[in-house]
Amino acid sequence: MPKTDHTGSTIPRLFGTDGVRGAAGAYPLDPPTVRRLGAALVRALPRPRGGGENAPRLLIGRDTRESGTWIEAELARGAAGEGATVTSAGIVPTPAIAYLTRSMAYDAGIVISASHNPFEDNGIKVFSGRGEKFTEIVEREVEAIVADESWSVAGGAAVSVSQGQSVSAYLDHLRAVFPEAAALDGFKLAVDCANGATATVAPGLFASLGFDALVIANHPDGYNINRDCGSTHPELLARTVVERGCDVGVAFDGDGDRAIFVDHRGAVINGDAVLLMCARQLQREDRLRGNTVVATVMSNIGLEIACRESAITLVRCPVGDKYVMEEMLKSGVSLGGEQSGHIIFSEYLYTGDGLCTALNVLRTIARTGRTLADLASDLTNFPQVLLNVRVREKVDLQSVPAVAAAIADVEARVDGQGRLLVRYSGTEPLLRVMLEGRNEHEIRAWAQEIIDVVKEHLA
């Protein structure tokens with residue numbers, strides 16, 4: 001149920017499954033709202049506000065989108081009006097902000113990014129002083145503060161943002177993930193930086209570990225982030241790996257919190273296979289706490305079966321790495337993630353980290369002596385179909401009889417033989433229909449039946 005304020009009015013939702021997101025310049029990413037959000041974030045912090053030693057310290061980072069600079073300035077202006085001091089780390093991956101916020105004792109970290117979306121979009125993600133994404137409870141508190149008309153954003157000119165935070169501590173933290181890097185001497189690695197935030201750190205990191213990495217999509221211009229490259233468009237990486245004879249390819253998304261892999265044959269390896277190979281490696285080292293892995297409802301049922309064969313319990317949660325994080329914190333487990341490549345190794349950080357994931361996969365290859373293709377073959381995927389349809393509004397599907405009937409009909413057909421999941425995207429006006437079963441042609445036709453009814457009534 002939507003939250004209401006003291007007058008009974010509904011409080012507008014700003015945060016989706018991965019922060020605030022939308023078209024840069026349009027609500028809620030217009031300058032006045034961004035400025036107010038910056039002030040509200042400071043008001044939501046648990047420590048006293050004010051100048052001097054009590055002043056809250058915020059760390060901001062961004063990806064390579066051209067709108068990131070002015071959004072950073074407006075956030076800083078709003079936060080400074082509430083007495084905060086703001087430091088920018090510049091263009092850095094999202095997990096760098098999470099790590100540095102925690103390790104450098106900032107009160108909160110803010111990332112300006114729309115992840116895998118095109119450059120026209122942008123977003124705002126917020127991390128607590130512990131380096132964890134804000135929970136839904138805190139996000140609702142911030143939304144309530146933004147909606148509260150009893151206060152105004154302080155006036156004044158734009159503020160100066162310090163540019164002094166180095167990412168060297170984050171890179172040292174990553175190098176410690178893979179101390180055995182020398183074991184892969186001569187290993188040929190291709191790296192796709194998506195023309196995004198990892199372009200500032202990935203080439204140097206892999207070079208420092210001794211890799212002669214072939215780096216592509218590492219010339220951002222403010223507009224080419226994720227354009228035909230990165231984790232959502234791995235075709236360029238796959239061609240590069242095959243044509244240049246690489247052993248492994250890794251593609252990051254625009255803000256570097258996810259990674260997708262390509263084996264030596266050019267086959268794409270998603271997050272499910274990564275979860276399985278890393279879970280088994282951690283289990284062998286007695287580092288898989290509770291012999292449990294957290295995955296979302298989108299992970300293939302084949303992952304669940306393979307985990308069971310290794311006496312590993314798979315716990316499912318809603319889609320979104322913040323929900324993976326919350327379940328991991330609640331269960332105290334060390335590994336969780338999404339099929340899309342958001343993988344969390346809580347021993348290092350409670351947020352998805354593409355570079356950390358890449359190093360753990362490379363470490364697993366080194367420790368087992370197996371190729372990526374061989375490791376990925378341990379996962380037998382059931383056929384899975386995912387179809388999207390754009391909707392004009394996100395209504396309760398059960399309130400539309402024709403749509404509810406179509407869903408119920410398909411659920412009856414797959415009962416005991418697969419899975420159906422129908423959900424709205426948390427970041428776009430889309431309805432997603434996911435079906436798993438033994439016959440791909442059959443389940444694709446069933447998914448299309450639902451899509452056709454949704455188009456008729458909700459598109």
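Two strands are counted as paired if DSSP finds at least two bridges between them. Strands (E, at least two residues) and helices (H or I, at least four residues) are DSSP runs, numbered from the N terminus. The model is predicted, so that local features need pLDDT of at least 70 and side-chain atom pairs count only at pLDDT 80 or more, while totals for chains, interfaces and linings use all residues. Residues are numbered from 1 along each chain as its sequence is written, and side-chain values use heavy atoms, with hydrogens and water left out.

In strand β18, Val-433 stands opposite Val-422 and also opposite Leu-387. These pairs belong to an open sheet of 3 strands, ordered β16-β18-β17, with antiparallel pairing. Because β16 (384-390) and β17 (419-424) stand at the edges and have a single partner strand each, one side of each is left without a neighbour in the sheet. From one strand to the next, the twist averages 10°. Axes are lines fitted to C-alpha atoms, for helices over the stretch in contact, and angles run from 0 to 180 degrees between N-to-C directions.

Strand β18 (residues 430-436) is joined to β16 by 7 bridges, and Val-389 stands opposite Leu-431 of β18. Between β17 and β18 there are 6 bridges, again in the antiparallel sense, and a hairpin of 5 residues connects β17 to β18. Helix α14 (residues 440-458) lies across β16, β17 and β18 and runs at about 15° to β16.

In a regular strand the side chains alternate between the two faces of the sheet. In β18, Leu-430, Arg-432, Met-434 and Glu-436 point one way, whereas Leu-431, Val-433 and Leu-435 point the other way. The strand is mostly covered, with 7 of its 7 residues buried. Here buried means under 20% relative accessible area, exposed means over 50%, and partly exposed lies in between (1.4 Å probe, protein chains only).

Helix α8 (residues 271-284) has 14 residues, which should span 20 Å at 1.5 Å a residue, and its end C-alpha atoms are 20 Å apart, in agreement. The expected span is 1.5 Å times one less than the number of residues in the helix. Since 12 of the 14 residues of α8 are buried, the helix is largely enclosed by the rest of the structure. Among the buried residues are Gly-271, Asp-272, Cys-278 and Arg-280. The N-terminal end of α8 is capped by Asn-270, where a side-chain oxygen lies 3.0 Å from the backbone nitrogen of Asp-272. Just after α8, Asp-286 takes a positive phi of about 60°.

Helix α4 (residues 136-147) has 12 residues and reaches 16 Å from its first C-alpha to its last, close to the 16 Å expected. Its buried residues include Glu-139, Arg-140, Val-142, Glu-143 and Val-146. Seen down the axis of α4, the buried residues fall within an arc of 160°, so they line one face of the helix. The arc is that of the directions from the helix axis to the C-beta atoms. Elements covering these buried residues include β1 (15-16), α1 (31-44) and α10 (321-331), where contact means heavy atoms within 4.5 Å.

Asp-107 lies in the loop between α3 (94-103) and β5 (108-112). Asp-107 is buried, with a relative accessible area of 16%. A polar atom of the side chain of Asp-107 lies 2.7 Å from the backbone nitrogen of Arg-57.

Notes. Polar contact = N/O pair within 3.5 Å; in protein donor to acceptor, adjacent residues only side chain to side chain.
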